[in-house]
Every structure is written in structure tokens, then in C-alpha cells.
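This note sets out some points to follow while looking through the structure. Please keep the sequence and the 3D view side by side as you read.

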Amino acid sequence: MSRTALRICPLCEATCGLALTVDGSTVIAARGDRDDVFSRGFICPKGASFGAVDSDPDRLRTPLVRRDGVLREATWEEAFDAVAAGVRPVVERYGPHAVGVVLGNPNVHTMAGALYPNVLLGALGTRSLFTASTLDQMPKHVSSGLLFGDANAIPVPDLDRTDHLLLIGANPLESNGSLCTAPDFPGRLKALRARGGTLTVVDPRRTRTAKLADRHVAIRPGTDALLLAAMAHVLYEEDLVDLGALTPHITGIGEVRDAVRDFTPESVAAACDVDADVTRALARELAAAPTAAVYGRIGSCTVPHGTLASWLVDVLNILTGNLDRPGGALFPQAATDRTPRPAAPGRGFALGRWRSRVSGHPEAKGELPLSALAEEIDTATDAGEPVRALLTIAANPVLSAPDGDRLDKALDSLDFMVSVDPYLNETSRHAHVVLPPPPPAQSPHHDFAFNTLAVRNQVRYTRPAVPLEPGRMAETEILARLTLAVTGAHGADPAAVDATVIEQTLAKAVREPHSPVHGRDPGDLTALLTGENGPERRLDLMLRLGPYGDGFGARPDGLTLARLLAHPHGIDLGPLRPRLPQPLKTRSGKIELLPEPIAADLPRLVRARAERPAGLVLVGRRHLRSNNSWMHNIPALTGGSNRCTLHLHPEDAARLGVRSGQPVRVKGAGGAVTAPAEVTDTVRPGVVSLPHGWGHDRPGTRQTHAAGDPGVNVNQLLDGGTLDPLSGNAVLNGVPVELTPLTGARL
């Protein structure tokens, strides 16, 4: 007999509530949870396919251990024995930095991925950390760190109350939003239009989002920072700057005026391919709107000036008085945030505390560029030991990072490699041990990261929809045991990891004067925690100490795990509220509008005014039914318009003699791929587009459906040598490519 179980969708950043129909231990259907306090029944094709994702027959069910060169099924005990025997000797002989850790995007979609990697990294002590952030959002973290003193203090647009929304390099109708957690992003944009608001989209492609807009500006890829700087210039030039309530919280307003003085709309028009009159209109409309928000995403991050563009997004919000006010861009307050401290100067944000061994890339937010992973493995220098062992957790950098061919070879040269992954994919096929987490229906869910980026404050938690299948191990236990195995505590009780975190957190909390538990006994507090296991007790701890928590009884109406469990559809905590100056952690205690690293990088942007590509440039794209590489193994989410084709404009097709469906060879600095052409006016002239996450044609994987329609790896066109210097983010968009039509060839 079937039953209904609630689950928060982990398949993208929208975090929609799902109502699953479960027959025995199988999810047979999924619909939107109409009573969910945040998503109100909204669902996209990915969420509707939850059951197919959950029951994919290619998901690994038992660990794999390499024996005699072949990955074979093993017991969990054998797998962790192998991990300890393979990684610990590397640490003991070469030191912790010889062990690299790669964290993929799915880590922020699971409780385990939020709770354990930092514990592992802290215990291991390695500086060789690489994550998907340097292929995506690191410029925003860096600009936020420099402006606000906290790399995770990212303001989000107040979608439900704004009068004017300017989107730069964002396509939320197909991505469902990113660094802006908003179920039913399309509905929110339509509501903006319905209440008389204005939507402007700046994008080289006429995306579904651009088609909805009042104004679409088809900018030349990679020039977003120039356009934004010119808009800031107009605000100063025409005396449109109005800080409003921000005035006491800002330093550097005059310095920014001087910094953007040379970025006139006329001086950037040729580089951006945007008329000066349009740039002036964008700035005037932004300043004139009762409330407004500028929001930039991956298209403005994965370019040569990604950090400058991310900085300028917030500069425009600040200059128009729209930061930290309703209808503008505000700082969310998640229920599991740390206890808010009184507003005061902080330690600030530092870049380059260490550098990569080979190319000397500066760290950002504790990470090195993922583009540098291959050289950190395969290149010997006098600057230290190469990466000899690697832990990949929910990561597939062979497809997601530039020059996968080089990384593919480098992974084969490692002394030892461990992958925590449900699939044998293009990366995990190199591992000596593969540790597969269970399907999402068998795991609990709370959005630690995405609630810090949500357009409305709320809190939700769902326990596993179905029991853990016999022979499976919870992902939380997998990562706890992995932490013990690689840090010399193999065989210890994995519950000790959670107990240690709780002990350390409470010991610190009772010493903090602003904490609700200041001066209390940590042991007494520990005894008050509830939950069925260590992860739930840690969630209870964070809720109690958080901004809405009960403070372990200090605020009787506050949040606890027990109260949250009593509200299975979540608890609404209200709209975003102004919070300044509390989130600021700069040394001055103010928003530092022109940080020194930004000022030092601006001359590079000045020179970019004279740079115009002579040929075609490449941009990526996303599809509503796709989320990076692993979803291509789900039949319901591929096919139709979700295909790996090369988009090019009819003018370029006519000039090159290319027809729709014809194979085309695309060549970049890192290599060449062949894909079918799709002639379409949804890309502007001079621009071609290939989607991300394809290229499932390497041997030794176990993704049957994906291998049947592999597509090509767009990142193989990149050599990984071009990075945004401040953030280390890979330049994935606006890169030059050459096209050659292949006559008589077949795909």
C-alpha cells in the first residue's frame, strides 16, 4: 500500500518541498508539496523525476576496491581498511599537503556534505583543497569578502518586493536560480512584471529569462564588468548617487568615483557592443526605481574580470541605496547561522595566504583553483611535494574542469585515490576505493548553505523518506569514517566525530559573552540535545544557538529540532530584513567600497576597453532538466531540447557554410571537439554555445544511458591557463574558438 512522505528536493538550489508517493521502499511519484512554507507546491522537471533519480539502476550499491588493477565489490570494512592503508602512508611520508581534496557541487545539497568536509579538512590539515566554487561562484565570495569582511555574506535580490530587477549573466528560468535560493523563480519574475515592475536582462543569449524581460541587452561575452563600471560612472556623473540609510556604513565613496572616472559609456561601447545611450538608460532606470536590485551570476563570474563584475554588482546596489533595504538586495538570516554577534570591527578577509605549488595561484577562501589540480599532481617543482593522494567527494572534475584529458592522465599517476560517489563516472573510475552514498530518499535533508542565500527566511528539515536499504551506509557515517581513516583514527567509533564537534562548539559558545549560553556548563547543555543520531544532534545544537533558537531554554519560544519536526512543511521566519551593520566583519566595521585588491586590478579592466575578439567566442548554457554531469544518466531528463548541440547565429552559419545538424569541429586552446550544429538566433552574432556537463564517452564508467548519448566535453576546449586573478576562477565564457564544418562526417 502506498504512502506519502515529504522530502526537500536536493537536485538544484531552489530547494522545493516534495510530496513523494512511496510504495514499500520505492519512490513511485513526486509532486510539489502545496503546504511547504517556501515553495508552495512549485516543482520543476528535475523534482518530478525524483523517483527516477533515486532508483537509477546504475547507482552503486556496495563499495568498490581496486584489486589487481580492477575495481571489485567489497565490504565496508574492507573499503575503509584500504582507505587507511592507502592514504595514511602518504600523509606520514610526505605531509598532509600531499593529500588533495576535491569537493563537488552536490556537497552543498546534502546534510553530510555540509557537516563533515570541514571536519575532515581541519583534522587532515591539508592546504590542497579544490572545489567546484572556482568553476562557478568564487568571484562573488571574494568580492563579498573584500567589501563586507565575510566571503559568505552574499546579499540576494528581494524578488518578492522589488520594483526593478537587473539580471547580469543569469538565466533563472532554466537554472532555477543560483546564489539566490528561490522556489518558482519564474513565477516570482512574472509577479514582478504583474505588479508593474521592470525586468532587464543582460546576456549574449536570448534565453527564456531574456524573452520574459522588458529589456534584453545582448552584450558581448566577458565584458560585464565594463558595462557595470560605465553604469557606476553615469550615477556619479549625473549626480544620481543616493546612499540613503547606508551613509554611516560606507567608506570609499569618493575613491570609487575616481576609480570609475574613465569608464564612460562611450569608452566601453565598442568592447561591450552596447550603445552608450543604452548604458545611460540602464543606470538612470536603476536610480529612478522606487526599489531595485542588481543580480549577477555565472555568466558574469566565469569571465576574465569575474571578481570585478561581482564587486560592481554590489557597488551599483550601494550607490543607489538599494543594499540592505526591502525591495533591494539584503542579507538572509538562516536558522543555523552562528549566534549573531554585536556589530563591531572584525578580522577582515585576506587573499593569498598561501599559493599553489606550480603556478603560484593565490588561495581564495582556503581553496586553490580546480583548474590547477592536474599540474599539482603531474608537475614536479622545488616548492613542495606534488599531490600524491586524492579524495574526491561528489566531484567529477574530469568533465567539470578545464582540460579533462590532462587531468584524466594525472589521476592515473596518483599513489592512491578515494571517491565518495554514487556512480562510477569519468573521475571515480580512477579511484582505488569508491564509497557510494545511498539514494536521496534514504537520507535526511536540511539546507545549511542555501538557506543563507534564500529570498525568504525559513527553516525546513525532512527525515529519510524510506529506511536505509540493507547493505547501505548513511552518507554521514561514510564521511565520518573517512575522516577517521585518513587522520590516523581508523577503527574508532564514527559517532565520536559528531560528539567532538558538539563538545568543541559548546566549549566555545559558553565562553562568548554574546552567546545565549554564556557561562553555562557544556556538559549540561549536551544532555539537553535531542535527535536520533549525531547529525540530528548537531542540527539541534545549531538551531538552538542560532538567531531564532531557544538558547537552550533562554528563549522558550525559540527554535529546536523538536519544534521543527513538529512542523513537517517547515516554519516561515518572515521576509528578509535590513541587518547592517551586524553582518560586517571588515577591520573598519564598515563596507569598504574600494578594497586594495580591487583597486589594483582595475587597470586590467581599463585595458580591456580596447580588447575585441576577431573571431567567434564560446559561452556555456544550461537546461532546466539538467544539473551538471550526473543527471544525464536519467532518461526522463535528457532528450528533446536537452541535447549537446552547438548553437550559432544564422549570420555566422551562412558565413561559415554550416547547416543545422551538420557536424562542426570546435577548436580552442585546450583541444577540439565535434558536435552537431544548431543554427538559432537565440545567440547573438559572433557567439557560439555548448552546454556544460557532457562528454560521457570515456571507457570504464557505469552510466549506461549517458554513454548512449555522450555529447562532448565543452571544457576540453579550455587549457585551464586563463583565470580571474583575484579569485582563481576558471574563465569558461567568452573564450575564442575556431569552427570548421565537417562535410560528409557522421556523429
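1. Strand β1 (residues 2-8) and strand β2 run antiparallel and are joined by 7 bridges. One of the pairings can be located by residue: I8 has G17, in β2, as its bridge partner. Please note that the model is a predicted one.

2. Strand β2 is also joined to strand β3 (residues 26-32), by 6 bridges, and this pair too runs antiparallel. Within the pairing, T21 stands opposite A29 of β3. The hairpin formed by β2 and β3 has 2 residues between the strands, and G24 takes a positive phi near 70° there. As background, the strands of a sheet pair through backbone hydrogen bonds, in either a parallel or an antiparallel manner.

3. How much of strand β2 is buried? Of the 7 residues in β2 (residues 17-23), 5 are buried, so the strand is largely enclosed by the rest of the structure. Here, a residue is called buried when its relative accessible area is under 20%.

4. The next element to examine is helix α12, which spans residues 265-272. Its buried residues are P265, V268, A269, A271 and C272. Among the elements that cover these buried residues of α12 are α10 (224-237), α13 (276-288) and α24 (596-608). Just after α12, residue D273 takes a positive phi of about 60°.

5. Which strands form it, and in what order? The closed barrel has 6 strands and runs β21-β25-β22-β24-β23-β26, with mixed pairing. Neighbouring strands of this sheet are turned by 45° against each other on average, with direction ignored.

6. Strand β21 (residues 616-619) pairs with β26 in the antiparallel sense, over 3 bridges. In this pairing, V617 has P736 of β26 as its bridge partner.

How values were computed: Residues are numbered from 1 along each chain as its sequence is written. This is a predicted model: local features need pLDDT of at least 70, side-chain atom pairs count only at pLDDT 80 or more; totals for chains, interfaces and linings use all residues. Side-chain values use heavy atoms; hydrogens and water are left out. Buried means under 20% relative accessible area, exposed over 50%, partly exposed in between (1.4 Å probe, protein chains only). Helices (H or I, at least four residues) and strands (E, at least two) are DSSP runs, numbered from the N terminus. Contact means heavy atoms within 4.5 Å. Two strands pair if DSSP finds at least two bridges between them. Axes are lines fitted to C-alpha atoms, for helices over the stretch in contact, and angles run from 0 to 180 degrees between N-to-C directions.
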